[in-house]
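Morning, everyone. Please look at the sequence and the structure on the screen, and I will take you through a few places in them.

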Amino acid sequence: MNKIITLFLFLISYTVYSQSLSVFNVNSSAFPTIKANFFNIDAEGKQITNSNITDFDLKENGLSRKVTTISCPEPNPPKIVSIAMSIDISGSMMYSDAGESPVELGKTTAKDLCNSVPMPPSEFALQTCDSKAYILQDFTTDKQKLISKIDPITAYGDNDFVEQLLNNITGLLNLAKLGKYKRVAVLYTDAWWYALTDQQLQACKDTCSKYNIQFFAVIYSRSEAEPNGIKASLQALAKYTGGVFYDGITSLTAAKDLANNIQLQSQGGKPCEIVWESTSSCLEGLTKVELKYNPDNLAGNTSYRSPLSSIIKLEVNPITLRFKSAIPGIKKDTTIKVTAKNADFNITNIISSNPAYSITPTAFSINSGQTRDLTVSYLPADSGYTYTKFTFVNDMCPAKYSASGGFPGKKAKIQTLKIIHPNGGESFVVGMDTVISWDGVLEDEKVKIEYTTDNGINWIEIADSAIGLKYNWHVPKTPSNECLARVTARLGYDGFCPEVQICNQIWMGCNLDVDTYRNGDPIPEVTDSAEWVNATSGAWCYYNNDPAMGEIYGKIYNWYAIQDSRGLAPEGWHIPNFDEWNQLEDCLGRTEGSGGKLKSTGTIEAGDGLWYAPNAGATNEFGFSALPGGLREFGQFHYLGFGGFWWDSFEKLTNGLKELEYDNAEMWSSFWFSAVGCSVRCVKD
């Protein structure tokens, strides 16, 4: 009987190890010199620290790289630890492109970690979370009891990382603080969620700091997926606490190897460091790294994002190009600048997807660091929205550039906007997150995104004004096999000016910048001072006649342009009248300094704004972003940086203006002569 009991005790304290090589914490800040940490574990669970450079081969994206340094610290005796583990059980943890689902991978790492840390004396606790956090097991030294709680875990709900980390009773960090020994928190997740706010992340850091908690995050999804969002928050917390952020874990082997990593790190082990030399490449995404330990034929994988300054590319300025209100049948030219980055380029052709657009020249060579001007031409057939993608055929790296044109509010006659993903046949698990992507418009042009669960009979809005050519979407609880998605262009008067709601009014969030009336008739640009003063019809100009000023402040218009019956404001908008400006002031409260709620913040002197100091009272509370664009008075330009001036439509005052000034926070009403030129803000019909 005594022998049986002894054998039983021996079995439950037995520790399982496996050989493994894992690479993490890549540091590319000194590119092309790259550093990373690694653990090389033998069959007895011991760290191999006596290896040298010749024992390793390293490749980036399949290409061999030179390893320059291998260094390993002296091993430390293991510490007794209190490890609190949390497994994300949101619905997306059920989904996998191939192989095991993230929840099963998380359970594998959790169980292997339990088996690799001696219990007792160390202790473990277990928590899960979807939209609520649940403690499945308080701290215990009973390994079998703990593993029995891990095995039945399944994923099915929503996400809430604030609940998962910070719930006052059941949150992971508040569970970890109850540990008796060195406190460790380990989170297993696929990291499909939004970033924590600064305040939430700080609360996590404060808890970890107060209770000496070391935080680890293990991400069971591809490294390419959502590089910002919650991943960035978890990575920041791990770094702050001296823990590790493991990303891109998608295989069972990698999930098992992590247990040895976390066991060593949490119990005081120090990783080895490897240093190698990389080189510039065309890839702006992830660089995949494979490290091989030849004596035991082990391999470890990781990835990193190369610094943007190291990428070989053709850089084009401006980033995207708009031909606003180009007159049909008249060719319009503009200049873009192309710079070769980190390599010499030989361009043999530039192909436009739309024959209305062209570039000259189409063949040239450009050395690294050099910049060349190219002429982009647009010959519109009509006033509708058009789009093109230029492809630079060259001997180095793929290069594309986009441009658009068209009159405000005019729809495209040829549809260019299209969904890239999902494009048919995909299946999505309720509760998971995916990316909706599209093409055929500029990156900063707005689209409306909708989906249907009844094959197009009814449409449900996902986003009203999405930009960036992609949108992260949390799949709702509406199971169906008749789902479709669509995107619709939502161009404003120039495709990107934001709409600002202030009480029951909707204003343009930037100054008007059109050079045609609503019917398409051109408004002449007048640069000559005498011609401006003597004008008897509509005219516009840039401040100091400088187009660069127009990029910031929009155009300056004379009184006749405001009054023209053809309509200066784009379709759906109008020039605010005296009463509408008063409604705006009523909404602001008409208190002393209420005009400051409209002013953009910062000052010229501080280098963070466009107003001269003191920019009194500026808060930009509503996003109106009023700028000190000055005015044109008797043909001369005045007050840039000191004041902003906007026309009203003169129903009660002749030549009425609203103005904001740098040295006070009031909104003033005044009137000026017809020869004055001012900015325009429109209000929605």
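Why does Lys337 count as partly exposed? Lys337 counts as partly exposed because its relative accessibility is 40%; the class lies between buried, under 20% relative accessible area, and exposed, over 50%, using a 1.4 Å probe and protein chains only.

Before more residues, a word on the source. This is a predicted model, in which local features need pLDDT of at least 70, side-chain atom pairs count only at pLDDT 80 or more, and totals for chains, interfaces and linings use all residues. Residues are numbered from 1 along each chain as its sequence is written, and side-chain values use heavy atoms, with hydrogens and water left out.

The score pLDDT is the predictor's confidence in each residue, from 0 to 100. Its average over the protein is 85, and 91% of the residues score at least 70. Residues 1–16 have a pLDDT below 50, and beyond near neighbours in sequence this stretch has 7 contacts in the model. Contact here means heavy atoms within 4.5 Å. Where pLDDT is low, the predicted coordinates should not be read in detail.

Now the whole protein. There are 12 helices and 40 strands; these are DSSP runs numbered from the N terminus, with helices being H or I of at least four residues and strands E of at least two. Along the principal axes, the C-alpha atoms fill a box of roughly 110 × 60 × 55 Å. Of the 685 residues, 50% count as buried. Among contacts with a separation of 6 or more, 68% are between residues 24 or more positions apart.

Back to Lys337. This residue is found in strand 16, residues 332–341. Setting aside neighbours within four places in sequence, Lys337 is in contact with Glu315, Val316, Asn317, Thr371, Arg372 and Asp373. With Asp373 there is a polar contact of 2.9 Å between the side chains. A polar contact is a pair of N or O atoms within 3.5 Å; within protein, one must be able to donate a hydrogen and the other to accept it, and residues adjacent in sequence count only if both atoms are side-chain atoms. Leu314 is 23 residues from Lys337 in sequence, and their C-alpha atoms are 9.9 Å apart.

Next, the loop between helix 12 and strand 34. Which two residues will we visit there? One is Thr603, in the loop between helix 12 (578–588) and strand 34 (631–633), and another is Gly595.

Thr603 counts as buried because its relative accessibility is 14%. Its side chain reaches the backbone nitrogen of Ala606 at 3.1 Å. Leaving out neighbours within four places, the contacts of Thr603 include Asp608, Trp611, Tyr612 and Pro614.

Gly595 is buried, with a relative accessible area of 0%. Beyond four places in sequence, Gly595 is in contact with Leu660, Ala665, Glu666 and Met667. For a sense of distance, Asn76 is 519 residues away from Gly595 along the chain, and the two C-alpha atoms are separated by 64 Å.

Last stop, Asp112. Is this residue buried or exposed? At 19% relative accessibility, Asp112 counts as buried. It lies in helix 2, residues 102–116. Not counting residues up to four places away in sequence, Asp112 touches Lys256 and Ala259.

That is my tour; thank you.
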